[in-house]
Structures are given as structure tokens and as C-alpha cells.
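Me: I would like to learn how to read a structure feature by feature, beginning with a sheet and ending with the packing of side chains. Could you take me through one?

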Amino acid sequence: MADIEPYENALDAIPGAHPYPRSSRYHDADIGIHRQADGTEVRYTKRRLLPPLPPQPEAGDAQDESRTHTVSAGDRPDLLGRRYFGDPAQWWQIADANPVLDPRELTDEAGQVIDVPLPGNGGERRV
Amino acid sequence: MFDVPVGQGPVHLTLRMGPKLTRPVPAEVTEALLSAQITATAGERSGFQLAFDLTKNGLINRALLPEGFFDPKTRIIVSVSVKGTADVLLDGLIVRQEVGASNQPGHSTLTVTGEDLSLLMDLEERTDRYPNLPPSDRVLAILRRYSDYGIRPDVYKEKVAQPPHQDLRVHYQTGTDLQYVTELARANGYTFYLEPGPTPGRSSARWGPEIRLGIRQHALNVNMDNNSTVDQLTFSYDGTAREEPQARWQDPGTRVSTLLPQPPISPLRPPLGRRPTPALKRRTLSGTAKQQREQAEAELLARAAVSADVISGSGSLDVNRHGYILQPRQLVGVRGAGRAYDGDYYVKSVTHTLRPGSYQQNFTVSREGLEARSAYVRP
């Protein structure tokens, strides 16, 4: 990356090139270009890979990366997002930290313990 | 926000400290944080000031302060997440600390002040020669020395190409690295600053034109009843700020000095206002006659571009109401200020003021002409 960019690159950011806002989970996903048979180009969002899970903390080690939540009756992923991040649309951060296929699996059973990432841990995000 | 329990509001602040590699601070330190003030400006160094509560038998007073946890040259990273989206506000070094001991209980404070990581480049004076390197290569060679602090160079080629010729001239650096890099940026109409992030512990050093194209940030609304997000916004139009520089260059072969033509500044600064303001002042640059022709042209362009911003605005906003953090050194739209002053602006500087329960931002914006170019701003 430690290269000199040509001057023209500095000012060629196309408005609307990346359609997802910073709070979206697809913000970091790559945008691909598919060329159709007649030559027209179609933009599409490439598959998003989950960020790596943090290593399991040793006993007695300070837990820096996440905290836990015990599911109670009536919990929903969006309610947890509202409670821990201030925004219901951020439930996907909790789903990412406990890899589940269906977000409703997170709060299916009362009493199960799920990981909640700390807000502010940028993780692998890029701007 | 005051009715939300601690740790569950929409704004969260994370502090990381350490000598070169940082780690999250103990919970007692975060709880003792009284206020944080961070200033970020385009083309200048960023500064910060953090105030901590210094309880008599607290962890800071008892252990951390004597052990050198807050010593100068300790690295400190502040990141803030608003509604789950994290942003690194500061990656800097402590320069000084002040302890105010008070007779009243709970009024003793520890204040640490510092600057961003470009302080590292300003510590040591260096004389060095760069034969046959154009300015951007020289900047890259300097920035490579600081990669162990996670500084990633983001360097662009200069607008007016200046092919070096070591038989004619060898460029020398005197002074600190930061002075030399800033001087090179100024001679080409560029800015140099460190942008912290995207992840804690990394930052990018931008040496290039100001970002005056691309996606605008969420608009600042003023005078729009309950839709307004900005508390107050003042604009000023300084007619004498813009000047038209003139430069003469002497051909060493024929000894004829010619007046260089006025370059268009729009490639360096795409216009943001519809009605460009005329230059009232005219001044002559000194010392351009003996430079290489490309160097003189670059300096003429740089002076014309830098002085072009005559309209400046300043104001303050509450992040909770605005919903987003206003980032410095990017474009933002303004609406509700009237036909003359609406439109897109470049955010020159932002001062973040964080306290438990409040997050305020003071900002200054600027552009070069009245009236918006487009009928819409990004909401």
C-alpha cells in the first residue's frame, strides 16, 4: 500500500460508488462489477465473510473484547441491539459474535448465554 | 440520554493507552474521565485534553500515576461509537500532565494534554539530502520511518510534475521531518495531516489535495424548527482573504524574466459555490525567479488555491440530536441558511467535547463562493 497514487486518483471518488452507510454490515463488503453479454456493467455486492471470532479468554484473563447476556423471556435481537448499542438495526453485530444461521436462534431459549461485543471495538472494519 | 443506565446509551467511548502498542485501560480510569476535548484541523496538528477525577485513594492516584501510566510520550487512542458504529477520534501522544489538588473533596483533577502522532515527526532535527527524488517520493521516504506506529502513507503525485535534476540542484532537508513535509505540501497546494483509524492503532498520513469531491456527509440543518440539528451557525464573508499571486521566472539561459500565466485552480479545488468571488488583492511572490520553472508554477498554483476560501462558517452541534459524528476534512451540506449560504462546504476543523451524558462538536466550514451549485444536498 505504501505507494504513490497518481494525482488524478485523489479526486476521482465517484459519488454513490458504495451504496451502504457506515452503520451497515455490508459497508465493508466489496463491490464487484459483472459484465453482461451485451457489454453493460452491473454492480453487485460480493459475498460478505464473517469477521474472525475472538479467541476464548483464559480463566482469570480480563475480558476485553465482549461481555455476555443471559437471554430472558421476551428478548428479541432488535431489542438487544437497542439495549446494548442504542440502535435496533445493530442486532447483526450480536449475531456476528455468536455465529448463528438464523438471528432468531439467538433468543430462542430463555437462560442461554450469548456474547455481546463491546461497542467501539472496531474489529476488522475499514472506512 | 440521562435516563439511560451507564453503558447502555447510544454513545460509547473507549480509551486505549500504552507505550507503543496500546491496550484498553482499566475500568477505573474510564470511570474517572471527566471530560475529553479533541481538536482536528485540516493541515494542522490535532490536539487533545483529557481530564480525570483524581480521588485521593483511587487507582490513578495510588498506583497508575506514580508508575508512569500517564507519562509523556505515552500513546493514547480514543474511539467513540455512536449507535454501534465505531470511529477513532484520536491517536496521539501525551505531552504534559497537570495535577490540580483541591481542598474540596472530589475537585482534584488530573489533566493530560497532548498532540497526535505527527508529534513523533517533530521531535528530531535532521539534515538529509534527496538527490533525484520528486517531492512525493521524498515524502514517502520520510514517512516510511514511522511505520512501527501504524502510520500508513497515503501520498499522491504532485499536480505540477517537477522532474528532479541532480546536476542542477539537490534538495536538502533541514529541520524536523514534519516541518519539511509540511513545507513540501504547502509548495504544492497540498495538505499534510494524520487521519486516525479506521481501526484503533492505525492511522493514515495523507499528503495530497484536500478531499473536495465525493460523498458528502449528512447535512447540517439550521433554522428548521424541530428538524434542525445545529445549535447555531455563523457565516462570514471576508473580501480581502482572496489574493491573486503573481510570479516571475527568469530563464537562466537568456536572462529574460517572464510573468507566469495565472493557473486555473479548479483541478486542485473543485468549486463548491456557484458565484466565485473576485480577488481584491494582488501580490508578488518572492524568490520564484531563481527556482526551476515547474517549481515556480507549482508555488503560484498553491498560493492561488490556498487563499481562495473567503466564506467561512462556524457553529456547534449536539451529536445525539444530529445522529452522526461530523468528520473534519470532508464535505458536508448545509440547508436552512438561506439561498446565499446553503450548499456544500468543506469542514476545516472540528472540536469534539465529550462529557458523561453529552457529546458536543464545534466546527468551522469554508468554501470559495456564494450560492449552492446544486439544488439538493445529501440529507
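This is a predicted model: local features need pLDDT of at least 70, side-chain atom pairs count only at pLDDT 80 or more; totals for chains, interfaces and linings use all residues.

Me: What is the sense of the pairing between S1(A) and strand S9 of chain B, and over how many bridges does it run?

Reply: As a general idea, the strands of a sheet pair through backbone hydrogen bonds, in either a parallel or an antiparallel way. Here S1(A) and strand S9 of chain B, residues 151-156, pair in the parallel sense over 2 bridges.

Me: In what order do the strands of the sheet come, and which are the edge strands?

Reply: The sheet is open and has 4 strands, in the order S1(A)-S9(B)-S12(B)-S11(B), with mixed pairing. Its edge strands, each of which pairs on one side only, are strand S1 (4-5) of chain A and strand S11 (191-196) of chain B.

Me: Which strands does helix H3 of chain B touch where it packs on the sheet?

Reply: Helix H3 of chain B, residues 135-143, touches S1 of chain A as well as S9, S11 and strand S12 (203-208) of chain B, and its direction makes about 180° with that of S9(B). Helix H4 of chain B, residues 177-187, also packs on the sheet, where it touches S11 and S12 of chain B, its direction making about 120° with that of S11(B).

Me: How many residues of H3(B) are buried?

Reply: H3(B) is mostly covered, since 7 of its 9 residues are buried; among them are Arg138(B), Val139(B), Leu140(B) and Leu143(B).

Me: How many aromatic pairs does a search of the whole structure find?

Reply: The search finds 7 aromatic pairs over all chains. Tyr20(A) and Tyr26(A) form one that is tilted, at 5.6 Å centre to centre and with 45° between the planes; Tyr20(A) is partly exposed at a relative accessible area of 27%, and Tyr26(A) is partly exposed at 32%.

Me: Why is the pair of Tyr190(B) and Trp207(B) edge-to-face?

Reply: The planes of the two rings lie at 75°, and planes over 60 degrees apart count as edge-to-face, so the pair of Tyr190(B) and Trp207(B), with ring centres 5.1 Å apart, is edge-to-face. Because Tyr190(B) lies in the loop between H4 and S11 of chain B while Trp207(B) lies in strand S12 of chain B, the pair ties together parts that are 17 residues apart in sequence. Tyr190(B) counts as buried at 5% relative accessibility, and Trp207(B) is buried with a relative accessible area of 0%.

Me: Where does the charged end of Arg212(B) sit?

Reply: The charged end of Arg212(B) sits over the ring of Tyr346(B), 4.5 Å from the ring's centre, and that of Arg367(B) sits over the ring of Tyr345(B), 4.3 Å from the centre of that ring.

Me: Which residues touch the most other members of the largest nonpolar core?

Reply: Of its 47 residues, these are Leu50(B), Phe52(B), Ile60(B), Phe70(B) and Phe363(B). Another core, of 34 residues, lies apart from the largest one and includes Ile4(A) and Leu143(B). Phe52(B) and Phe70(B) also belong, with Phe69(B), to one aromatic cluster. Leaving aside neighbours within four places in sequence, Phe363(B) is in contact with residues including Leu220(B), Val230(B) and Ser316(B); Ser316(B) is found in strand S20 of chain B, residues 311-318, and is buried, with a relative accessible area of 11%.

Definitions and conventions: Residues are numbered from 1 along each chain as its sequence is written. Chains are lettered from A and ligands numbered from 1 in the order in which they are written. Side-chain values use heavy atoms; hydrogens and water are left out. Two strands pair if DSSP finds at least two bridges between them. Contact means heavy atoms within 4.5 Å. Axes are lines fitted to C-alpha atoms, for helices over the stretch in contact, and angles run from 0 to 180 degrees between N-to-C directions. Rings of Phe, Tyr and Trp (its six-membered ring) pair if their centres lie within 6.5 Å; planes under 30 degrees apart count as stacked, over 60 as edge-to-face and the rest as tilted. Buried means under 20% relative accessible area, exposed over 50%, partly exposed in between (1.4 Å probe, protein chains only). A charge sits over a ring if NZ of Lys or CZ of Arg is within 6 Å of the ring centre and within 35 degrees of the ring normal. A nonpolar core is a set of buried Ala, Val, Leu, Ile, Met, Phe, Trp, Tyr and Cys residues joined through side-chain atoms within 4.5 Å.
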